Amino acid sequence: MPYYHIWTIGCQMNKADSERIGSYLEQIGCQSSPEAEEAEIIVLNSCVVRQSAENRVINKLDALKSLKRRQNPILALTGCMVDSRVDELKRRFPHVDLFFGPQAFFELSRFLASRGLAPEGLEPGLVLSSSPSPSIFVPIIQGCDNFCSYCIVPYRRGRERSRPMEEILCEVERLAACGVKEVTLLGQNVDSYGHDLPQEPDLADLLSQLNQIAGLARIRFLTSHPKDMSERLIEAMAHLEKVCEHLSLPLQAGDDDILRAMRRGYTVEHYRELIGNIRCVLPHVALSTDVIVGFPGESEEQFQRTYDLLSELRFDTVHVAAYSPRPGTIASRKFEDDVPAEEKRRRREMVESLQEVIATEINRKLLGQTVEILVEGRKKGKWQGRTRTNKLVFFGDEADHLGELVKVKVGKTSPWALQGRLA
Ligand code: SAM
Ligand code: SF4
């Protein structure tokens, strides 16, 4: 049985694509390996959202050159690094056998079929291995129409395309029948789901249908765009018992001029009101956000406004990134990358330190409480899982709890995770 190895970086969308590629390779008789050295098929799933991610992909590709020479595995590159300029990639990385864009799975299956390694016509799709993970990503909308000035995603993943609701329901029903307990619906802009479909269903419609699926215990979705977050969706979250109290709602900046230059489509006041409404309807919701520091022209005062807004709104999680100019984006053409790297780092570290204090305080409130977690796996001799609010929890026990919903009494908290014992 040939081994395959998949290396993935980047967003959950890439992780979902890799899950699908992996299950397809298993269907055609391959076996997963954590080591590239023993694999006959190697797939690299790339990210180019920031220069640092792109550099990691390039280093990985370079590092595989000698393995390709010695053992000649099939080497395929997918993800956002693969755009329409494949010829340029071929010149740069001649040791790669196949380049296929995000979601262009048919190219992989066609290539493997041409080598006699796969049957004709079988495509990576639904994850249906005999023992699927209890929690699975389900992409529901591809691409993005927003063209935020800094972001390369719309150029690499194309315009928004929603999957038909029937197709998603069928897939999740089959997943639940195989033992999957939790699905995370994915989209770069998940709350704009459905606007391009014939009856224009929205995410609230999809959630209420999914909520009825027997065996499924939890539903999450990410990432939501503040300008598309509707009252209807917030109400649906409150009324549908399987939909978890967790929202990922990227803020990006706390200054109106920077938000305008980023083309985000909302103001600080709009964002603040939105958070207020969400917390009013869902008092126990956990919120996560993304922030970019050092956007072109960001002054100390403008950065301070972002910092102050984060202290005011108190998110459970903040992902902070230093602005990285991406060739072809509006910002890279219009604005000079004028905040020095050192200063970007200082601002990023300030946000990280602030968030560490806030997350410490938020999580400490859970000390002594009993929380319900879905057990997703084992790490360093402990079971790990997440609460409905997406807090990572560890507990020790000898029995097999994989895929179970268990109650854990929290005995220790940190900004990043909770520890406890079975209640
Ligand atoms: N669609 C989501 C949104 O509206 O924010 C996020 C998708 S984006 C691929 C993931 C995160 O990467 C963004 O939230 C942003 O913080 C970060 N990001 C994207 N482009 C970036 C850039 N040029 N420099 C730094 N960070 C960037
Ligand atoms: Fe990028 Fe903006 Fe689309 Fe998010 S909403 S993927 S940041 S263009």
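Predicted model: local features only at pLDDT ≥ 70, side-chain atom pairs only at ≥ 80, totals over all residues.
Modeller: Residues are numbered from 1 along each chain as its sequence is written, and side-chain values use heavy atoms, with hydrogens and water left out.

Colleague: How many aromatic pairs does a search of the whole structure find?

Modeller: The search finds 6 aromatic pairs.

Colleague: Why is the pair of F295 and Y323 called edge-to-face?

Modeller: The ring centres of F295 and Y323 are 5.3 Å apart, with 65° between the planes. Rings of Phe, Tyr and Trp (its six-membered ring) pair if their centres lie within 6.5 Å, and planes under 30 degrees apart count as stacked, over 60 as edge-to-face and the rest as tilted. The pair is therefore edge-to-face.

Colleague: What makes this pair tie together parts of the chain?

Modeller: F295 lies in the loop between strand 12 (286–293) and helix 12 (300–313), and Y323 in the loop between strand 13 (317–322) and helix 13 (330–334), so the pair joins parts that are 28 residues apart in sequence. Helices (H or I, at least four residues) and strands (E, at least two) are DSSP runs, numbered from the N terminus.

Colleague: Why is F295 called buried?

Modeller: Its relative accessible area is 0%, and buried means under 20%, exposed over 50% and partly exposed in between (1.4 Å probe, protein chains only). F295 is therefore buried. Y323, at 4% relative accessibility, also counts as buried.

Conventions:
Chains lettered and ligands numbered in written order.
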